[in-house]
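Dear colleague,

I am passing on the structure below, together with notes on what was found in it. Please read the notes alongside the coordinates.

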Amino acid sequence: MKLAQQKIALVPTMGALHKGHVSLIDMAKQQADVVVCSIFVNPTQFTDPKDLEKYPRPLEHDMKMLLEAGCDVVFMPSVTEMYPRPETWHIDLGPAEFLLEGEFRRGHYQGVTQIVKKLFDAVNPDVAFFGQKDFQQVLMIKNMVAFFQLPVQIVSCPIIREDDGLAMSSRNIHLSPDDRKNALVLSRALDYVKANFDSIPVAELLAYAQDMIDHTPGVALDYFTVANGETLEPEYDKSHQNIVALVAAKVGETRLIDNMILN
Ligand code: AMP
C-alpha cells in the first residue's frame, strides 16, 4: 500500500538485466523514495513464439544485479497472475503504432501497453522509467497513459552502450562472436548519420547507411529510417526540432534495434 508523501518509481523489465536496466534504476533512485523493478517476460508482446521461448531468464544473476543496484522492491508476477483469463485488449495508440516495429511485429504495442497498464495498476507508481533504446515503445506508452489519463509520469532515459558502441540488450547474449562483430554496423551507421546530419542531405545519408548495413555479412536490414520523433514518419526537413534515426536488423538469428537522436 502506498504511504502518503512517498514517491514510487517503477522500472519495468523482462529480466536478463544489464547496465542499461541498472541506469534506469539509478535514475529512478534519484527521483523517487521507493524503486520497484518488475521482471516479467510478457507473452502478449511477442509475435514470434521462438523468440519468447528462448528469451533469457537468468534469475540469480538478476537478483544479484538488483541488490547491487539498490532496488527496493522486485515485482515478479507469474503469467497466470497477470493474465488470469484470456483477454482481448485493443486501444487506440495512434497511427505510429503500425510503423517501424509495429509493421514488423504486428500487435506488439498492444501487448506492450497491455502489460504496462497492468503493472501500473499493480504497483501504482508516480513515475515510470523506460529506455530510449526502445524509442517507439516510449511513444506508445505515453499514448496509452494519455488514453487512460493515468497520473503516471513517463521518463525516457539515454541508451547505454558497450565500449565499442553496441547498444546493450538482453538479446546480445544470443550473438555468436561473428555476429557480435557484425552487429557493430548498426551503431556505426547511426554514428555516421549523426556526424554528417548537418552537411549531407537525408536521402544521401540513408543511402549510405543502408549500403553499409547491406554490405555487412550476416546482417539483414528490416529498416533504417530518419524520422520525425513524434509521428515516426520519414523526415527530410532538417529544420524540424525532433529528428531521430532508427534501425532494426537481424544479425545472424538475433533481431536487434537501435536509434540515435539527431538534433
Ligand atoms: P527489456 O527488459 O528489454 O524489456 O527492457 C526494459 C527497459 O530497459 C526498457 O525500458 C528498455 O528500453 C530499457 N533498456 C533496454 N536496453 C537498454 C539500454 N541499452 N540502455 C538503456 N535502457 C535500456
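**Domains and ligand site**

About 1900 Å² is buried between domain 1 and domain 2, and carbon and sulfur atoms give 58% of this area; buried area here is the accessible area (1.4 Å probe) that two parts lose on being put together, summed over both. The model is a predicted one, in which local features need pLDDT of at least 70 and side-chain atom pairs count only at pLDDT 80 or more, while totals for chains, interfaces and linings use all residues. Residues are numbered from 1 along each chain as its sequence is written, and side-chain values use heavy atoms, with hydrogens and water left out.

The domain assignment, which is automatic or from a database, places domain 1 at 8-157 and domain 2 at 170-261, with their C-alpha centres 24 Å apart. Across the boundary, 21 residues of domain 1 are in contact (heavy atoms within 4.5 Å) with 21 residues of domain 2.

A side-chain N or O atom of His-21 is 2.9 Å from an oxygen atom of the ligand, a backbone N or O atom of Ile-160 lies 2.9 Å from a ligand nitrogen atom, and a polar backbone atom of Met-168 is 2.9 Å from a nitrogen atom of the ligand. Taken alone the ligand exposes 480 Å², of which the protein buries 93%, with accessible areas taken from the Shrake-Rupley method with a 1.4 Å probe.

Best regards

Methods:
A polar contact is a pair of N or O atoms within 3.5 Å; within protein, one must be able to donate a hydrogen and the other to accept it, and residues adjacent in sequence count only if both atoms are side-chain atoms.
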